[in-house]
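Subject: Structure for you to look through

Hello,

Here is the structure I said I would pass on. Please open it beside this email and follow the residues as they come up.

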Amino acid sequence: MKDDMRRLWAVIVRTLCIAALAATGLTTAATAATAADPPRWGFAVVRSGAVVDSLRQAGSWPDGLKVEAVAGGPGQVLVRFPQIGMATGGVAHVTAISQSADWCQVQDWWQSGADEVVAVQCHRFGVGPIASWFSVTFGYSAQYLPAPQAFGYVRWNGSAVAAQFNSSAPAAVNTVAPLTNPGLWRVTLPGLGSAGHAGNIQVTAVDPAVPARCKLGGWTATTAAQNIIVRCYDATGTPLNTGWSLTYHRERAITWTPQPYRFAYTFDNAPDTPGVYLPTPYPVSHNSQSGGVQLSRSAVARKQVIFGGLNGYRDNVQVTAFGYGPEFCNLFAPWESYSTYVSIRYVTCYNGAVQVDHPAMITYLAR
């Protein structure tokens, strides 16, 4: 117990030190990756009380190792991914799993020995820090892809790009331009373009001290680049300048996992559609098993997502809201796997504490 507490305080101090460096502009961007650098990735579901679900975790570490978690301050959990530690780089995402208006943010991530630690902080609207269930991912890649596959990410530290990767070519560099209004950025991913919307985007707030949540605020695609707007807000829904992470993936999993891992994604861009529907244009949905994608509205703000042919285990789901206001989305409950499909019941969105129909992007990954 004492060893756990000493480790906890050590990583908390590490978080505060990194935050101080970022505030003074001393955090440097990650160096350019090389194709010989292997991908590193991991995911987990953590229950209230920092209990890691043994059936919903996996990563690029050797067999037999497990994800660990330890509770920090109120609503804070430090998640340790074994044997994938990095001095710099990579990107992390988190989604709350709750029947209330909860959201989770990443505070920071860092190398601890051979491991990677991701600090997660969860909140409930109008209440404050809360010990929520959540689903978390960490991913890093330096490998390039032939079109139409695409993979790119950006970590914005509040003032500059701290890490980025673009799978189209070694010379392709993702850029971020803060816009005039607070809490608003334009992200350009050159070389990952498409003829219309295609692929999936996930955005997560990254702030070590201030309650924050971020979303996909706009998206245009050309054959030359993906152009994405990121919007961030504080706990009350006021626009906020903060850090964030963004991943764009097309015909590829969110964490770059290889076969036999399977994946699917979709964009609920018409959330008030009654009954069953498939979002258009069709390239915003993809299933690596050709098993189909189906969305259905069971009630206001309750969207069920079914990915056919993905009866996996050791799986993960991430959700990001899309739109122009402070709405946010989470998972109403853990997803369920059946013999021929996986069911996500439900993606639920909120405006404050009120459940609302709201567009969202959903991505799934399974072994």
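In this predicted model, Arg302 has its charged end over the ring of Phe332, at 4.1 Å from the ring centre.

The structure holds 20 aromatic pairs. In one of them, the ring centres of Trp103 and Phe328 are 5.7 Å apart and the planes stand at 65 degrees; planes over 60 degrees apart count as edge-to-face, so this pair is edge-to-face. Where do the two residues of this pair lie? Trp103 is in strand 6 (residues 102–112) and Phe328 in strand 24 (residues 328–331), so the pair ties together parts that are 225 residues apart in sequence. Trp103 has a relative accessibility of 5% and counts as buried, because buried means under 20%. Phe328 is buried too, with a relative accessible area of 5%.

Another aromatic pair is formed by Tyr338 and Tyr341. Their rings are stacked, with 4.9 Å from centre to centre and 25 degrees between the planes. Are these two tyrosines buried or partly exposed? Tyr338 counts as partly exposed at 35% relative accessibility, and Tyr341 counts as partly exposed at 28%. Ring pairs can also join into a group: Tyr144, Phe151, Tyr153, Phe165 and Trp256 are linked into a cluster in this way.

Next, the salt bridges. Side chains of opposite charge can pair when their charged atoms come close. How many salt bridges does the structure hold? There are 10 salt bridges.

One of them joins Arg155 and Asp108, whose closest N and O atoms are 2.8 Å apart. Arg155 is in strand 10 (residues 150–156) and Asp108 is in strand 6, so the pair links distant parts of the chain, 47 residues apart. Arg155 and Asp108 are both buried. Strand 6 is also the strand that holds Trp103.

A salt bridge also joins Lys215 and Glu327, with 3.4 Å between the closest N and O atoms. Lys215 belongs to strand 15 (residues 212–221), while Glu327 is in the loop between strand 23 (315–321) and strand 24, so the pair ties together parts that are 112 residues apart in sequence. Lys215 counts as buried at 1% relative accessibility. Glu327 is buried as well, with a relative accessible area of 17%.

The side chains of Lys303 and Asp268 meet in a salt bridge of 2.9 Å, N to O. Lys303 is in strand 22 (residues 302–308) and Asp268 in strand 18 (residues 262–268); the two are 35 residues apart and link distant parts of the chain. Both Lys303 and Asp268 are buried. Elsewhere, salt bridges with shared partners join Arg47, Asp53, Arg56 and Asp315 into one network.

The last item is a glycine. Gly183 is placed in the loop between strand 12 (175–178) and strand 13 (184–190). Gly183 counts as buried, at 4% relative accessibility. Which residues is Gly183 in contact with, leaving aside its neighbours within four places in sequence? They are Val230, Arg231, Cys232, Leu240 and Asn241. From Gly183 to Cys232 the C-alpha to C-alpha distance is 4.9 Å, although the two are 49 residues apart in sequence.

Regards

Definitions and conventions
Residues numbered from 1 in each chain as written. Predicted model: local features only at pLDDT ≥ 70, side-chain atom pairs only at ≥ 80, totals over all residues. Heavy atoms only, no water. Phe/Tyr/Trp six-rings, centres within 6.5 Å; stacked < 30°, edge-to-face > 60°. Helix = DSSP H or I, 4+ residues; strand = E, 2+ residues; numbered from the N terminus. Buried < 20%, exposed > 50% of the residue type's maximum accessible area, 1.4 Å probe, protein only. Lys NZ or Arg CZ within 6 Å of the ring centre and 35° of its normal. Contact = heavy atoms within 4.5 Å. Salt bridge = Lys/Arg side-chain N within 4 Å of Asp/Glu carboxyl O.
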